[in-house]
Amino acid sequence: MRMISPVTVDIFQRTPGTRSINLRGCRRDLRHPTSVRDYGGDRQIRKWLNIIIARISCFLFNKNKTQSLQPLQCEQKMHTGHTFRPVGEVASSYKEEFSSSLKALQEELRHKETIKEKFEKTFQHIKAQADHTERQIKQQFGKLHQFLRDEEKNTITALREEEEQKKQMMKEKLEEMNTHISALSDSIRDTEEMLKASDVCFLKKFRIKMERVQISQPDPQTPSGALIHVSQYLGNLLYRVWKMMQDIVHYTPIILDPNVAHRNLFLSDDLTSLKWSLNSQAFPDNPERFDEYSCVLGSEGFTSGKHCWDVEVKESLYWSVGVTTASNQRKGCVFFNSDVWWVQYGLDDRFGFPIKQKLERVRVDLDCDEGTVCFSDSGNNTPLYTFTATFTDTVFPFFWSNDFKILPVLPVYRLIEEL
């Protein structure tokens, strides 16, 4: 059995005055105690073992300098007055502290991986948003293109119909003229034949033929308006098409922001209406999004001027409309604590200004300069309530309902026509 460890050998070799000892012989002597006399008996072995033990015991930990000591350093006076503890004991204590740090790092790693997963979902959502938006853009432009193609076809069809009418009228005039020309040609031919006849024959038919030759018919006249009304087709063509586009194109003063809407709100493709559902959507939890109340804001905020919009709520079980500041906290349950000016129907009377009667449409009139928010029943222009405030922050239209639609406004020329 091997009696001398590698550490002992290392210490022995690094210890002055011991290199002259024959280790091979020592190992042999330890295996065969009877041969110890060859190296000076028990006294020599005892001296050798004392050196080894002294060097091993010097592997201590200097707490004052936070370092382990090498065997040769044990004899230096620089460690006088320092506290020493066994390395194993100190290492065990430090390993516990290091294990706590490791757990903190592992927890931080899991936290970072969670954030990374959130960012990856946001990345995928951005791509899905872009693809969906592109499809909607193509669809909307497709409607415009189809409308323009239809209007082009209708305009050209009207042009060709007028062309056929005018051409038919001129065909009739041409046939009438051909009849006159044919009659004249016959008269000319008869006259030429009479001139070639004998004098007796000529005199017999002269009086009758002379009366026919002298009878002339009036020339057909070119009818008025025979040409194409070019100005009717080209005059203000683009403007007239734009006016006709009002039947399919509408302007809505408020557009909803899908990046703010609660997950249970499903917005329409044109972002002017929504419906609440029990099924939530896998949206990123971005800082702007509501996570507690099923609310949504308008996409554009206001800092000055007058603004007005009508909200159709006739299908709503409950609804709230108003304005709020851009800095108002949307996370958690603190949104309604301040900076919200709103009226509501079907909710707790402690919140907002309650409306008792069921309405079909609600109008919001915002005057940022005067600091007023007026609510009215747009169906009969009945005032509901008016808030007065000083707006120092950007204000956004605010909505909370299970079903509503922001109504489009009529173009100015249509308003004038209705007046």
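Biologist: What should I know about the source?

Modeller: The model is predicted: local features need pLDDT of at least 70, side-chain atom pairs count only at pLDDT 80 or more, and totals for chains, interfaces and linings use all residues. Residues are numbered from 1 along each chain as its sequence is written, and side-chain values use heavy atoms, with hydrogens and water left out.

Biologist: How many helices and strands does the chain have, and what makes a run count as one?

Modeller: The chain has eight helices and 15 strands. They are DSSP runs, numbered from the N terminus: helices are H or I with at least four residues, strands are E with at least two.

Biologist: What is the order of strands in the open sheet of five?

Modeller: The order is E6-E14-E8-E9-E10, with mixed pairing. Strands E6 (295-297) and E10 (353-354) stand at the edges, each with a single partner strand, so one side of each has no neighbour in the sheet.

Biologist: How do you know that E6 and E14 pair?

Modeller: Two strands pair if DSSP finds at least two bridges between them. Three bridges join E6 to E14 (residues 395-401), so the pair qualifies. The two strands run antiparallel. Leu 297 has Phe 398 in E14 as its bridge partner.

Biologist: Why are Phe 290 and Phe 335 called an edge-to-face pair?

Modeller: Rings of Phe, Tyr and Trp (its six-membered ring) pair if their centres lie within 6.5 Å; planes under 30 degrees apart count as stacked, over 60 as edge-to-face and the rest as tilted. Here the centres are 5.0 Å apart and the planes 80 degrees, so the label is edge-to-face. Phe 290 lies in the loop between E5 and E6, and Phe 335 in the loop between E8 (319-325) and E9 (340-345), so the pair ties together parts that are 45 residues apart in sequence.

Biologist: Is Asn 381 buried or exposed?

Modeller: Buried means under 20% relative accessible area, exposed over 50%, partly exposed in between (1.4 Å probe, protein chains only). Asn 381 has 55%, so it is exposed. Leu 271 has 24%, so it is partly exposed. Phe 290 and Phe 335 are both buried.
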